[in-house]
Amino acid sequence: MTSRGHLLPLFFRRWMDTLAPRPCAVCGMRLGACEQLVCVGCNLSLPRTGYALNPYDNDMAMLFWHLAPVDKAAALFFYKAGSPTARAIYKLKYYSRPDIGYGLGQLMARELAANGFFDDINLIVPVPLSPKRKRQRGYNQSEAIAAGLAHETGVGMDARSLRRTSFHRSQTHLSRQERQENVAGVFSVAHPKRLEHRSILLVDDVCTTGATLSACACELAKVQGVRVSVATLAFAGTRFDDDMRPLDPDRLIGQTEPTTV
């Protein structure tokens, strides 16, 4: 393609941004023509966990020890209520912005793939919502994240085999014990044959105590030959200020060239 051909998409994007400016999903400021979903400044400052560097033995993976058969676990960001990470996830869940989940799923895929996290994964499964909850929201935010991951990695996604049969109440303000009780027995596998002998990546938006993910992993592990790993956008189990890792500018992925998200 000629240099002129390379410039046409960028010119068109700038023209469209003039007509309908795109806000950053984190700070709300106007995105530049080469920025996708999150501005460069926010992307640099969001606190990475670095868990993909050691996915078998990190704070998030340890949550599942003795609770669920989870091989490895990683999250892209640390989470704290009111933080920039929380603002983006709040918009994803409550402001009809599944595109945020899809875009952050792509970003997570690029960064985790750099450490070989997906090398043994051959199926992506999002944590399901109950049918009533999904109708109310209009979409499943975990499915949006999983779709972004699947698109970027080329790994297939199955959003039908794992089902949530009921919804009791939100996990948000419950204790660890209450969270475990709240999700006990609410998940089931509808099509076990589809999942046999698969290495599954279970995907959700935020991991706090791991109760929901553990309940899902235990159901999936009942299928013959299944191995389960976990990935979430954010992890709230470690204090936000304990281990903040802003992204090294030299490792900023997907922000210097116009890409489609």
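1. Let's start at one residue. Leaving aside residues up to four places away in sequence, Asp-57 touches Met-62 and Trp-65, where a contact means heavy atoms within 4.5 Å. You'll find Asp-57 in the loop between α2 (40-45) and α3 (59-63). Helices here are DSSP runs of H or I with at least four residues, strands are runs of E with at least two, and both are numbered from the N terminus. Asp-57 has a relative accessible area of 39%, so it is partly exposed. On that scale, buried means under 20% relative accessible area, exposed means over 50%, and partly exposed lies in between (1.4 Å probe, protein chains only).

2. A word on what you're looking at. This is a predicted model, in which local features need pLDDT of at least 70 and side-chain atom pairs count only at pLDDT 80 or more, while totals for chains, interfaces and linings use all residues. Residues are numbered from 1 along each chain as its sequence is written, and side-chain values use heavy atoms, with hydrogens and water left out.

3. How confident is the predictor? The pLDDT (its confidence in each residue, from 0 to 100) averages 84 for the protein, and 76% of the residues score at least 70. Residues 1-5 have a pLDDT below 50, and that stretch makes 1 contact in the model beyond near neighbours in sequence. Residues 239-261 also stay under 50, yet the model gives them 49 contacts beyond four places in sequence.

4. Zoom in on β1. The strand runs parallel to β6 (residues 227-235), and 6 bridges join the two. Along this pairing, Ala-75 stands opposite Thr-232, and Phe-77 stands opposite Ala-234. Is β1 enclosed or open to the outside? It is largely enclosed by the rest of the structure, because 8 of its 9 residues are buried.

5. Next, charges. The count is 10 salt bridges, each being a side-chain nitrogen of Lys or Arg within 4 Å of a carboxyl oxygen of Asp or Glu. In one of them, Lys-72 pairs with Asp-120, with the closest N and O atoms 2.8 Å apart. This pair links distant parts of the chain, 48 residues apart: Lys-72 is in β1, and Asp-120 is in the loop between α5 and β2. Which of the two partners is buried? Lys-72 is, because its relative accessibility is 4%, whereas Asp-120, at 28%, is partly exposed.

6. Another salt bridge brings together the side chains of Glu-152 and Arg-110 (3.6 Å, N to O). Glu-152 belongs to helix α7 (residues 141-153) and Arg-110 to helix α5, 42 residues apart. Glu-152 is partly exposed, with a relative accessible area of 32%. Salt bridges that share partners also join Asp-71, Lys-72, Asp-120 and Arg-227 into one network.

7. Finally, the cysteines. A disulfide is a covalent bond between the sulfur atoms of two cysteines; the cut-off here is a pair of cysteine sulfur atoms within 2.5 Å. How many does the structure hold? It has 0 disulfides. Cys-24 is in none, and its nearest cysteine sulfur, that of Cys-27, is 3.7 Å away. Cys-24 counts as buried because its relative accessibility is 1%. Cys-42 is in no disulfide either, with the sulfur of Cys-39 nearest at 3.5 Å. At 10% relative accessibility, Cys-42 counts as buried too.

Conventions:
Pairing = 2+ DSSP bridges. pLDDT = per-residue confidence, 0-100.
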